[in-house]
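I opened my notebook to read through one structure, step by step. Here is what I looked up, in the order that I looked.

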Amino acid sequence: MTRVRVVGVGTPDAGDDAVGLIAVRAARSELEALGIEVVETGAGLHVMDLLRDVDAVIVVDAVRAPRGGRPPGTIVRAEAGPEGLPAEVGSSLSSHGFGLAEAVGLVAALED
């Protein structure tokens, strides 16, 4: 059986940065009924361990668009490869100092 984990990332008291948490909370019962594990966490280093020990991970998080990029609310789907997340995800800079892109890249580098 394929093990899938959905990770909602965010800070509950930080406005739009809570969108990942809000989204997974809204979908939790439906996802868990399908046998999908649902986890809420903060950004950066907190995500690293959640990217392991499953066949697929879906991370729901707010990202900042590149200058002149997508309007707010745009859904971006990106698959991480051996190098981490692709550039179209947007800036890896985070108000947390260590963002999702850095976490995915570090896990990819450590598993090489």
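**Entry 1: Asp53**

I began with Asp53, which is exposed because its relative accessible area is 65%. Asp53 is found in the loop between α2 (45-48) and β3. I then checked its backbone: phi of Asp53 is near 65°, a positive value in a residue other than glycine. I noted beside it that most residues other than glycine have a negative phi.

**Entry 2: What I am looking at**

I reminded myself that this is a predicted model, where local features need pLDDT of at least 70, side-chain atom pairs count only at pLDDT 80 or more, and totals for chains, interfaces and linings use all residues. Residues are numbered from 1 along each chain as its sequence is written, and side-chain values use heavy atoms, with hydrogens and water left out.

**Entry 3**

In what order do the three strands of the open sheet lie? I found β2-β1-β3, with parallel pairing. β2 and β3 (56-60) stand at the edges with a single partner strand each, so one side of each has no neighbour in the sheet. Neighbouring strands here are turned by 20° against each other on average, direction ignored. Such angles run from 0 to 180 degrees between N-to-C directions, and the axes are lines fitted to C-alpha atoms, for helices over the stretch in contact.

Two strands count as paired if DSSP finds at least two bridges between them. β1 and β2 pair in the parallel sense over five bridges.

**Entry 4: Thr41**

I stayed in strand β2, the place of Thr41. Is Thr41 buried or exposed? Thr41 is buried, because its relative accessible area is 13%. Not counting residues up to four places away in sequence, Thr41 touches Val7, Gly8, Val9, Gly10, Leu21, His46, Val47 and Leu50. Contact here means heavy atoms within 4.5 Å.

**Entry 5: Salt bridges**

How many salt bridges does the structure hold? I counted five, each being a side-chain nitrogen of Lys or Arg within 4 Å of a carboxyl oxygen of Asp or Glu.

Arg5 forms a salt bridge with Glu37, the closest N and O atoms being 2.9 Å apart. That pair links distant parts of the chain, Arg5 in strand β1 and Glu37 in strand β2, 32 residues apart. Glu37 also forms a salt bridge with Arg3, with closest N and O atoms 3.8 Å apart. Here Arg3 sits in the segment before β1 (4-9), 34 residues from Glu37. Arg5 counts as buried at 7% relative accessibility, whereas Glu37 at 33% is partly exposed.

Last, I found Arg28 and Glu32 meeting in a salt bridge (3.3 Å, N to O). They are four residues apart in helix α1 (residues 19-33), so about one helical turn separates them. Arg25, Arg28, Glu32 and Glu40 are linked in a network of salt bridges.

Note on methods:
Helices (H or I, at least four residues) and strands (E, at least two) are DSSP runs, numbered from the N terminus. Buried means under 20% relative accessible area, exposed over 50%, partly exposed in between (1.4 Å probe, protein chains only).
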